[in-house]
Amino acid sequence: MRNTYQTPVLDELDPTTGELELEERHSLRRVAGLSTELTDITEVEYRQLRLERVVLVGVWTEGSVEDADNSLTELAALAETAGSQVLEGLIQRRKQPDAATFIGRGKVDELRDVVVSSGADTVICDGELSPSQLRNLEQQIKVKVVDRTALILDIFAQHAKSREGKAQVELAQLQYLLPRLRGWGESLSRQGGGAGGGSGGGGVGTRGPGETKLETDRRRINTRIAKLRREIKAMKTVRETKRSRRAASGVPAVAIAGYTNAGKSSLLNRLTQAGVLVENALFATLDPTTRRTAAEDGRVFTLSDTVGFVRHLPHQIVEAFRSTLEEVARADLVVHVVDGAHPDPEGQVSAVREVLGEVGADRIPELLVVNKVDAADEETKLRLKRTWPDAVFVSARSGTGIAELHKAIADRLPRPAVELTVLVPYDRGELVARVHRSGQVLQSRHLDDGTELRVRVDEQLAAELADFRC
């Protein structure tokens, strides 16, 4: 007997785990008015991103003006997710970023005037700055300067909850921080060429106590990075063990991937009632969530939510989260979620596919899902339907298209290879349960001697059913 899929209705009375987590996150928002001055801790600047009143600045090197505006709008959304108030946004047209100041000397003067007039305490640059660019900008503007990479890392640090997620974020932060340690010549001791005395030394004014504080911190960071890599490697082993168990059970795996804030977690909640956190913010959920669900024909499969992607996702994040992102590469199907109400959904798809290619998931079958159709205008929906005729258009918030999505996923699941008809005695009910769980039941009826099934199963289960073939 075929099961009829019905859209799950979430319980509005009992709060889910995600709702409780969202309430806790909002209660811990940063408080406006905290000091944001540059501070040196143990004579090396470990900077905490207390973002409050910020000015955004970007360099437009290629593409259209709409692309530049979309990039700065996304940077504003990132800044607001980190807890800041965006005051102004500036874009500089250049062939390439300035090697010394990122935006050029003339634009630095204009930026300094904007910072002074607006009362901003932080400048966020839409790109990854080199250590020298970071230092030069802060010396000339006199406020803290943060680049896009540091901003994303800060958001990841706020939102990581699991032990693996926290370790991955800390590894990415340390890899970013290592080449940006500062302090030479100002507050740190200078290292001489040898012990005190006239022979073998480096001359007057060059002798010091030995290893500088900067070098000590660099060595400690390298030690911590090595330890975190060992821990993440051990966690990867556990993850692979769980994955191999799922593969041995014959349960297909479906990974939900997509741009950040495209509605992946909302979609997972709609399909499985997972109850994970949902928030209208970038990178709201980082820790992957896996839930079991069933297709209309009774086949069980897993749905896994993954970390969201973004344009120019920092390479430190990709490397640190590689073990998590490999879940997508090992899946049988990738459900690629796109924000249909975004100004540039095509750009989102390109950015996601680029990251999927980096982790080897570009060869996995893909089902494109355009979400938030209830917020998109008709012209946009018609354009996207022409661009992606095979895509499924849904709204995780209203439930529109969810049944069609569930059917589309079921149609693309890998089907067992062996088809056979068996008569299973009633005292072997565990075999019938396994067939329903990992196989595909094409026909079923109850007879006097047992349950007659026409099924498609894998070779291992087919061998166990061989004695009951009709």
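Let me start with a working rule: two strands pair if DSSP finds at least two bridges between them. Strands themselves are DSSP runs of E with at least two residues, and helices are runs of H or I with at least four, numbered from the N terminus.

Good morning, everyone. What you see is a predicted model, where local features need pLDDT of at least 70 and side-chain atom pairs count only at pLDDT 80 or more, while totals for chains, interfaces and linings use all residues. Residues are numbered from 1 along each chain as its sequence is written, and side-chain values use heavy atoms, leaving out hydrogens and water.

On to the open sheet. Six strands line up as E6-E7-E5-E8-E9-E10, and the pairing is mixed. Strand E6 (289-294) and strand E10 (392-393) are at the edges, each pairing on one side only. Inside, strand E5 (residues 253-258) is parallel to strand E7 (residues 300-305), with four bridges, and Ile256 sits opposite Asp305 in E7.

Now to strand E13 (residues 451-457). How many of its residues are buried? Five of the seven, where buried means under 20% relative accessible area, exposed over 50%, and partly exposed in between (1.4 Å probe, protein chains only). E13 has seven antiparallel bridges with strand E11 (residues 418-424), and Val422 is partnered with Leu453 of E13. Strand E12 (residues 440-446) also runs antiparallel to E13, through six bridges, with Val441 partnering Val455. In the E12-E13 hairpin, four residues lie between the strands, and Gly450 has a positive phi near 160°.

Finally, Glu62 lies in the loop between strand E1 (53-60) and helix H2 (65-81). Glu62 counts as exposed because its relative accessibility is 64%. Thanks, all!
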